[in-house]
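Open the model in your viewer and keep the selection panel at hand.

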Amino acid sequence: IMKKSTLLTMASVGAVALTSAMTFAAWDNLSDTTTSNEVTFKQINVEKAADIVLTEPVASDLTSSYVPSSSGEVTFNITGIDAADLSGKELKLEPVVKANDIAISTGYTLEIYDGTEESAEKVAGNVDKSLTGTNTYKVVVTATDDKAGTDALANKKVTVELKATLQKTTV
């Protein structure tokens with residue numbers, strides 16, 4: 001058995017050692033902070049360059065082959081993505097034809113061409129699979145040559161809305 005004084009001495013030495021190990025000099029640098037570089041979280045945007053401006057249909061020439069038609073152009077820009085990354089993507093084009101601000105589904109045909117001329121290729125299924133950063137389309141709406149066309153469009157204010165949605169290519 002140890003003497004009380006020996007135990008006290010050992011306890012004192014342990015306390016001094018522990019205190020010395022847990023304290024630092026004022027000049028010691030005990031922490032540091034780092035800051036990362038700045039990065040930008042890029043958003044992909046599909047934006048129209050301008051609204052579609054439809055041409056006024058040509059007035060009837062009083063022949064039996066006359067069917068009113070109107071066309072306009074629209075450009076959708078795709079930003080925030082590299083052109084190489086557009087491979088495997090497509091632009092789904094969703095048209096809505098309105099007569100007097102009411103959506104209609106009969107009495108017309110609507111065709112979308114990939115480019116500004118009707119001689120350009122039609123956009124099959126209204127899905128453009130050959131994208132660039134700038135995508136221009138010609139939209140042509142034509143009344144059907146029947147009562148449905150007359151009922152739907154005759155003497156009405158006709159507008160075309162075209163929604164473009166970037167998506168992964170579907171099979």
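Two strands count as paired if DSSP finds at least two bridges between them. Helices (H or I, at least four residues) and strands (E, at least two) are DSSP runs, numbered from the N terminus.

This is a predicted model: local features need pLDDT of at least 70, side-chain atom pairs count only at pLDDT 80 or more, and totals for chains, interfaces and linings use all residues. Residues are numbered from 1 along each chain as its sequence is written, and side-chain values use heavy atoms, without hydrogens or water.

Colour by pLDDT, the predictor's confidence in each residue from 0 to 100. The protein chain has a mean of 88, with 88% of its residues at 70 or more. Confidence is lowest in helix H1 (residues 4–21), mean 62, and highest in strand E3 (residues 89–99), at 97. Where pLDDT is low, the predicted coordinates should not be read in detail.

Select strand E7 (residues 134–143).

Ser71 sits opposite Val140.

Which residue of E7 is the bridge partner of Leu110? Val141.

Finish at Leu93. Beyond its neighbours within four places in sequence, its contacts (heavy atoms within 4.5 Å) include Phe76, Ile112, Tyr137 and Leu162.
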